[in-house]
Amino acid sequence: MISRSEQRFIRINLITIIVTLMVILAGGIVRSTGSGMGCPDWPKCFDRYIPPTDVSQLPADYKEKYVAGRLKKNEKFAKYLESMGKVALADSIRHDQSITVPEEFNATKTWVEYINRLVGVLAGIFLLLTLVYSFTYRKTAKRIIVLSVLNILVVGYQAWLGSIVVSTNLAQWVVTVHMLLALVILAISIYTYNYAKQLNKAPSVIMYRILWLKGFLLFTVMLSILQIVLGTEVRESVDVVAKSLSNGLRDTWISRLDSIFTYHRDLAILVVISNAIVYKMVIDRFSGKAAPLLTARFILVTLLIQLLSGFALAYFAFPPAAQALHILFSTLLFSLQFYLYLLVYRTSTYKQ
């Protein structure tokens with residue numbers, strides 16, 4: 001039996017996963033609308049907890065002020081990179097002239113970015129609640145507490161990295177690391193959620209060996225991570241092209257991208273094939289309303305939406321809605337694949 005306090009932890013943990021996905025959706029909207037620099041400082045927005053709605057509310061020298069602030073923060077970051085032996089990278093940040101170009105105030109972009117930060121704060125609150133309620137398992141499953149603490153530490157680092165994203169004017173590699181850390185946060189939350197749910201249950205038993213399924217599932221998870229990294233790189237290349245064209249001629253952006261787009265597109269074919277194989281392997285081994293089978297079906301639906309949004313991006317001039325959906329469903333696909341892996345990993349098997 002699952003106690004009431006354990007049920008509360010599982011419920012809070014699930015909400016945390018959902019809110020984290022909302023943060024990723026909000027981040028996708030920020031990227032697709034070009035609102036990443038809507039707030040030139042962090043954690044406040046134009047040095048306010050409630051951002052302005054009109055340029056008249058800002059001081060006359062606001063551009064110079066925030067450029068100077070970014071340069072100061074980047075100098076600290078460059079020294080941090082130098083201490084890690086990344087001298088060339090630190091030097092490139094110091095000499096990045098785009099950081100010295102002030103952003104024009106745009107109330108819409110400011111509030112899009114601000115709402116993104118509010119959703120991030122909400123996720124942080126639920127992660128803290130998850131940590132608090134994880135102490136329910138102090139006698140039965142200490143790993144849940146340890147992982148909940150680890151997630152808070154990762155979120156803290158993620159928040160700091162978010163400030164670096166702003167100060168470096170959306171430096172490409174920083175954005176990629178920022179996305180990967182979001183996957184780490186999701187993976188930890190999914191693991192603790194599943195572990196808490198399965199803690200008092202005996203492993204399910206099926207009559208077929210599933211070692212190949214476990215291994216192939218792990219392969220599809222790794223494949224999705226690689227695809228997300230490539231997708232982030234594609235998005236960063238699109239930003240460069242869009243900026244060079246002053247956000248015009250959207251229908252030519254794809255043709256101006258380098259080989260990274262081709263890699264991302266071709267890898268999508270492998271993603272589809274591998275997930276189809278996983279689905280076939282799951283339906284051969286599970287039946288009825290088994291959780292792995294239901295999860296595999298959700299994976300197929302998610303993959304279909306992901307493909308349609310990618311098709312819209314490639315052939316309909318990068319519609320902003322498709323960009324946000326593409327980011328969200330790529331992350332949701334990873335989440336479902338990892339959850340399916342955890343479900344299958346726990347399954348016991350024996351020969352017929």
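In this predicted model, helix H7 (residues 211-244) packs against helix H8 (residues 259-285) at an angle of about 155°, and their axes lie 9 Å apart; the axes are lines fitted to C-alpha atoms over the stretch in contact, with angles running from 0 to 180 degrees between N-to-C directions. H7 and H8 are therefore roughly antiparallel to each other, a term for angles over 145 degrees. The crossing of H7 with H8 is left-handed, meaning that the near helix is turned anticlockwise from the far one by less than a right angle. The residues of this contact divide by class as follows.

| Class in the H7–H8 contact | Residues |
|---|---|
| nonpolar (Ala, Val, Leu, Ile, Met, Phe, Trp, Tyr, Cys, Pro) | 20 residues |
| polar (the others, Gly among them) | 6 residues |

Of the 352 residues, 45% are buried, that is, under 20% relative accessible area with a 1.4 Å probe and protein chains only. Among contacts (heavy atoms within 4.5 Å) with a separation of 6 or more, 79% join residues 24 or more positions apart.

Residues are numbered from 1 along each chain as its sequence is written. Local features need pLDDT of at least 70 and side-chain atom pairs pLDDT 80 or more, while totals for chains, interfaces and linings use all residues, and side-chain values use heavy atoms, without hydrogens and water.

Note on methods
Helices (H or I, at least four residues) and strands (E, at least two) are DSSP runs, numbered from the N terminus. Angles under 35 degrees count as roughly parallel, over 145 as roughly antiparallel, 65 to 115 as roughly perpendicular and the rest as oblique. Buried means under 20% relative accessible area, exposed over 50%, partly exposed in between (1.4 Å probe, protein chains only).
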